[in-house]
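Here is a short tour for a first look. Keep the sequence and the model side by side as you read.

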Amino acid sequence: MDDSITLKGIKEGLLVTVKPDGRWSDLTGRLITLIDGQGSFFRGAQVTLSLGPRELRRHELANVRKQLEERGVILKAVLSDSDATLDAARKLELRTTLHVTELVEEQSEALELRPPPIDPEEYGSPGVMVKRTLRNGRTIHSDGHVVVVGDVNAGAVIVAEGDIIVWGRLRGIVHAGAGGDESAVVCALHLAPTQLRIAGYITISPDDKQRKPRPEKALVRNGRIEAVAWE
Amino acid sequence: MGARVITITSGKGGVGKTTATANLAVALANLGKKVVCIDADIGLRNLDVVMGLENRIVYDLVDVVEGRCKLRQAMIKDKRVPDLYLLPAAQTRDKTAVSPQDMIALANQLRGDYDYILIDSPAGIEWGFRNALAPADEVIIITNPEAPAVRDADRIIGLVEAEGRKIPTSLVINRAKPDMIRRGDMLSVNDVLDILSTPLLGVIPDDEQIIVSSNRGSPLTLDNQKSPASEAIRDIARRITGAKVPIGELERKKGGLFRRLARLFRRSRA
Ligand SMILES: Nc1ncnc2c1ncn2[C@@H]1O[C@H](COP(=O)(O)OP(=O)(O)OP(=O)(O)O)[C@@H](O)[C@H]1O
Ligand SMILES: [Mg+2]
């Protein structure tokens with residue numbers, strides 16, 4: 001069993017101890033999986049992260065805080081032996097100490113985690129499917145994903161909480177992850193939007209008409225929107 | 001039954017709707033069709049001027065709708081061709097004097113006696129456009145090979161689609177300049193079709209003879225003049241009647257337009 005992350009109930013909420021080795025991104029990914037696996041069990045919980053000597057920068061902490069927030073979990077405090085990490089935590093206005101008593105009190109029992117439920121049924125995710133060209137002046141809003149089989153012409157607008165997939169040329173304005181989901185993507189057979197947004201990021205198409213159109217996927221990576229081959 | 005009602009529209013102003021309507025009407029009449037054109041641009045009428053019939057107007061569209069005259073009384077016969085009539089717009093009223101229902105009723109009154117009813121739509125997407133669209137069996141979208149005109153055409157095609165009547169729509173690209181297209185300074189026919197994905201009915205070159213003829217009130221297609229634009233418009237008229245005038249390979253392929261225009265120029269010199 002992977003013990004790189006342990007969760008423990010304490011007076012202040014939940015103490016999450018992350019082993020000092022291993023890649024931070026892998027570990028946060030695992031933490032999120034753990035939380036997601038428990039359904040809404042952790043919703044509203046206040047979390048203290050115990051990180052040992054690991055050195056983290058401010059944006060790394062900010063990211064994990066954001067991911068937790070999206071699941072209704074509040075990052076309260078960070079415990080660390082690294083000055084750099086403590087510094088980063090303070091800049092984010094996180095607490096960096098706990099009263100010893102708080103740690104001691106409920107130390108006794110580690111939280112028993114339910115295994116993630118296995119459900120053979122798939123209910124899919126909500127979405128809109130448009131089987132025609134979206135012309136100038138049309139706007140589509142969706143709480144889920146939007147799939148267009150056809151072109152999205154300049155002057156057309158799509159705003160989706162989820163992903164946007166265009167089986168055609170995308171030349172209009174699109175906003176994926178409009179509710180703040182930075183993992184949302186925009187895919188098109190020919191990605192040439194007037195403007196493309198994912199969550200809070202925004203970009204415009206590079207002006208290289210010479211480039212041969214190819215299927216591309218736009219996603220948020222390294223703090224900006226990047227386009228990669230869509231395959 | 002009877003006439004096909006074809007509305008000529010564009011979204012953007014000044015792209016050549018009125019010019020195309022007048023010239024197509026004459027060309028269709030010259031093919032032996034019974035044609036009536038309706039100027040739906042109330043308040044800014046000028047189909048009558050382009051057709052050279054302005055001085056014969058007594059009654060207009062609004063007089064008919066408001067019952068001041070019979071439909072026949074308002075229709076002006078163009079004596080230069082066998083069967084061509086104009087129902088002029090009112091100059092002094094605004095577009096709200098006529099409703100979409102009025103236009104449908106009017107078209108229905110005329111259907112039995114004609115082969116084609118051409119409606120010249122005003123620019124824009126408001127009331128006047130709605131009036132022009134209401135009775136349409138078909139729509140011809142006119143655009144220029146310029147981004148703003150193509151944008152507006154796209155908007156209009158979307159609005160026509162949104163009518164939900166599945167109105168067949170085709171595209172005429174007007175004022176194409178082969179030199180500019182070749183230099184990459186103007187959108188090519190393919191560029192426009194890429195964006196609009198609408199069947200192409202024809203391409204009319206930019207031609208100063210058009211301006212000369214509009215000033216004279218004598219549509220280019222009247223006297224079988226051999227100018228590039230009149231040839232192109234006559235081809236479009238024949239396509240409207242169902243004749244197979246090649247367009248596909250010639251104009252869609254890269255450089256096709258140039259070859260085709262070159263051919264037209266050659267013919268015009270012969
Ligand atoms: N193929 C052409 N070559 C040269 N000039 C043209 C051509 N087509 C139209 N024009 C000129 O463009 C101008 C506008 O044409 P026209 O009045 O037919 O446009 P319209 O779309 O009806 O305008 P509006 O929206 O104001 O009704 C006129 O001066 C006309 O002579
Ligand atoms: Mg006009």
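Which residues does B:Ser227 touch, not counting residues up to four places away in sequence? The answer opens the report.

## B:Ser227 and its surroundings

This is a predicted model. In it, B:Ser227 touches B:Asp207, B:Gln209 and B:Leu220, with residues up to four places away in sequence not counted. One of these partners is also joined to B:Ser227 through side chains: a polar contact of 3.0 Å links B:Ser227 and B:Asp207.

Where does B:Ser227 lie? Its place is the loop between α10 (208-216) and α11 (228-240) of chain B. B:Ser227 has a relative accessible area of 4%. It is buried, because that value falls under the 20% cut-off.

## Where the two chains meet

Next comes the contact between the chains. Chain A gives 11 residues to it, and chain B gives 13 residues. The size of an interface is often given as the accessible area lost when the parts come together. Here chain A and chain B bury about 940 Å² between them. Carbon and sulfur atoms account for 32% of that area.

How many salt bridges are counted between chain A and chain B? The count is three. One of the salt bridges in the model pairs A:Arg169 with B:Asp194, and their closest N and O atoms are 3.8 Å apart. Eight residue pairs are in polar contact between chain A and chain B, with both residues at pLDDT 80 or more. By class, the side of chain A that touches chain B has one nonpolar residue, five polar residues and five charged residues.

## B:Ser197, a residue that touches chain A

B:Ser197 sits in the loop between α9 (189-196) and β8 (200-205) of chain B. Its contacts reach across to the other chain. With neighbours within four places in sequence left aside, B:Ser197 is in contact with A:Thr133 and A:Arg135.

B:Ser197 is partly exposed, with a relative accessible area of 41%. Now take a separation within chain B. B:Ser197 and B:Val245 are 48 residues apart along the chain, and their C-alpha atoms are separated by 20 Å.

## Helix α3 of chain A

Which residues of helix α3 (residues 83-91) of chain A are buried? They are A:Thr85, A:Leu86, A:Ala88 and A:Ala89. These residues cover an arc of only 160° around the axis, so they lie on the same side of α3(A). The buried residues pack against α2 (58-69) and β4 (74-79) of chain A. The face turned away from the buried side carries the exposed residues A:Asp83 and A:Lys91.

At the start of α3(A), a side-chain oxygen of A:Ser82 comes within 3.2 Å of the backbone nitrogen of A:Ala84. Just after α3(A), A:Glu93 takes a positive phi of about 60°.

## Salt bridges through the model

Over all chains, the structure holds 28 salt bridges. One of them joins B:Arg4 and B:Glu138, whose closest N and O atoms are 2.6 Å apart. B:Arg4 lies in strand β1 (residues 4-9) of chain B and B:Glu138 in strand β6 (residues 138-143) of chain B, so the pair ties together parts that are 134 residues apart in sequence. B:Arg4 is partly exposed, at 28% relative accessible area. B:Glu138 is buried, at 18%.

B:Glu66 forms a salt bridge with B:Arg68, and the closest N and O atoms are 2.9 Å apart. B:Glu66 is partly exposed, with a relative accessible area of 35%. B:Arg68 is partly exposed too, with 46%. B:Asp113 forms a salt bridge with B:Arg72, at 2.8 Å between the closest N and O atoms. B:Asp113 lies in the loop between α5 (100-111) and β5 (116-120) of chain B, and B:Arg72 in helix α4 (residues 71-74) of chain B, so this pair ties together parts that are 41 residues apart in sequence. B:Asp113 counts as partly exposed at 40% relative accessibility, and B:Arg72 counts as partly exposed at 47%. In chain A, salt bridges that share partners join A:Asp36, A:Lys66, A:Glu70, A:Arg71 and A:Glu182 into one network.

Key: Residues are numbered from 1 along each chain as its sequence is written. Chains are lettered from A and ligands numbered from 1 in the order in which they are written. This is a predicted model: local features need pLDDT of at least 70, side-chain atom pairs count only at pLDDT 80 or more; totals for chains, interfaces and linings use all residues. Side-chain values use heavy atoms; hydrogens and water are left out. Contact means heavy atoms within 4.5 Å. Buried area is the accessible area (1.4 Å probe) that two parts lose on being put together, summed over both. A salt bridge is a side-chain nitrogen of Lys or Arg within 4 Å of a carboxyl oxygen of Asp or Glu. A polar contact is a pair of N or O atoms within 3.5 Å; within protein, one must be able to donate a hydrogen and the other to accept it, and residues adjacent in sequence count only if both atoms are side-chain atoms. Ala, Val, Leu, Ile, Met, Phe, Trp, Tyr, Cys and Pro count as nonpolar, Asp, Glu, Lys and Arg as charged, and the others, Gly among them, as polar. Buried means under 20% relative accessible area, exposed over 50%, partly exposed in between (1.4 Å probe, protein chains only). Helices (H or I, at least four residues) and strands (E, at least two) are DSSP runs, numbered from the N terminus. The arc is that of the directions from the helix axis to the C-beta atoms.
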